[in-house]
Number of protein chains: 2
Amino acid sequence: MSIRQQRRERILHAAAVLMRTRGTTITMDEIAEEAGVGRRTLFRYFPTREDLLVAAVEHSYRGLAGGQFQPPAGEHPDPFALLDQVLHLGHRQSANAGRGLWQIVSNPEVGSELAKAAAVRRTARRIYTERFTDTLWTLAGGPGHPPRWLIDAFSLLESMFTYYHQVLDLEQGAEESGTLAARLMAAALRDALVEAGIGVCRESCADDSDRPVLTGDR
Amino acid sequence: MSIRQQRRERILHAAAVLMRTRGTTITMDEIAEEAGVGRRTLFRYFPTREDLLVAAVEHSYRGLAGGQFQPPAGEHPDPFALLDQVLHLGHRQSANAGRGLWQIVSNPEVGSELAKAAAVRRTARRIYTERFTDTLWTLAGGPGHPPRWLIDAFSLLESMFTYYHQVLDLEQGAEESGTLAARLMAAALRDALVEAGIGVCRESCADDSDRPVLTGDR
């Protein structure tokens, strides 16, 4: 990584740290100080605060779009175990991201300079929610691509909206919201597989009924 | 209704209208003008802006807590049809409520005077989400009271969080978010009934499998 790239990373890291703790009202001066660079240097990298916020959001979603939620190549984990793990991870990340990003996400019109950062985030989410739901669907033995509503369900359940409902309306945290999200996503996946005419049987209504299991037959 | 009550209702209605169109930054003067009352009269009813915002939120949730989502006494509608209807209604109401209420809901720390209104809303939601999920559970033949997670699922799916995910992340509206919420709630209800060892059978994995049906046997 060139010195220029290293410095850029340091600035983006500083912006992310400040956004996490202080929200989106942070100034360019504060970011320069946190990153240990001069004000003029900062403006050379990012001419406007909008540029910097957009880059910081892109930076924080790069890992997700790049496949953080994908199982290692060649591995075929149980889809229900995978979605449980991914949703817990996603909700812990929502908790760590802090209120600054949530302000951008929930009220993107607050300042027009945040609207562009919100759009960048929206696109990044579309890519990784489609990719992950596709992986999940294939692992569960679903034919072709998953139905659109299942992707939308994952998008909702992995989102900060679901996390902040748990925090603000139910006064609980990431562990509980990850668990609720995983339960709902598992129920949605089973429904979608039944609709596709394959793969999931529930045991008949016997009194020994346990958690429904994936039979794997197609 | 006494003249005093009528005037109070008119002020709350004016506050709700302004909040819907303009957000929570509205001033007491603007509310007085919209309600057609003098500034001194307004302050006699509501000594602070906080008092007025809290009362306006209470006012807008009164219908929900009072049983708006309940079927008429003696009626036993299909639980899946009922949840579909209720979630579509809830999401249309979220759309009509406008951004002002969403700002209170999503970022209650914006001003401390909004925190109390947020708490009022949270309590009202707890009451009606528990009551509705209980009704749903009983209609579906569930034993005793529904599991906590099913109430939490309904709370999430009926919430403005789910509606605004659809609007801001998926760029769709209340119709789509109501449909997605109803699908997920139906899947959750089926899962909870299976866990309780009763009531819902999925047809076996035959290729003629259709939407799972409620058999009603306990």
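**View 1. A:Asp169 is buried, with a relative accessibility of 4%.** Buried means under 20% relative accessible area, exposed over 50% and partly exposed in between, using a 1.4 Å probe and protein chains only. The model is predicted: local features need pLDDT of at least 70, side-chain atom pairs count only at pLDDT 80 or more, and totals for chains, interfaces and linings use all residues. Residues are numbered from 1 along each chain as its sequence is written, chains are lettered from A and ligands numbered from 1 in the order in which they are written, and side-chain values use heavy atoms, with hydrogens and water left out.

**View 2. Contacts of A:Asp169 include residues of chain B.** Contact means heavy atoms within 4.5 Å. Neighbours within four places in sequence aside, A:Asp169 touches A:Tyr164 as well as B:Arg121, B:Arg122, B:Arg125, B:Arg126 and B:Phe161.

**View 3. Helix α8 of chain A spans residues 160–169 and holds A:Asp169.** Helices (H or I, at least four residues) and strands (E, at least two) are DSSP runs, numbered from the N terminus. Because 10 of its 10 residues are buried, α8(A) is largely enclosed by the rest of the structure. Among these buried residues are A:Met160, A:Tyr163, A:His165 and A:Leu168.

**View 4. A:Ser159 caps the N-terminal end of α8(A).** A side-chain oxygen of A:Ser159 lies 3.2 Å from the backbone nitrogen of A:Phe161. Just after α8(A), A:Glu171 has a positive phi of about 55°.

**View 5. Chain A contains 9 helices and 2 strands.** Of its 218 residues, 51% count as buried.

Technical notes:
A polar contact is a pair of N or O atoms within 3.5 Å; within protein, one must be able to donate a hydrogen and the other to accept it, and residues adjacent in sequence count only if both atoms are side-chain atoms.
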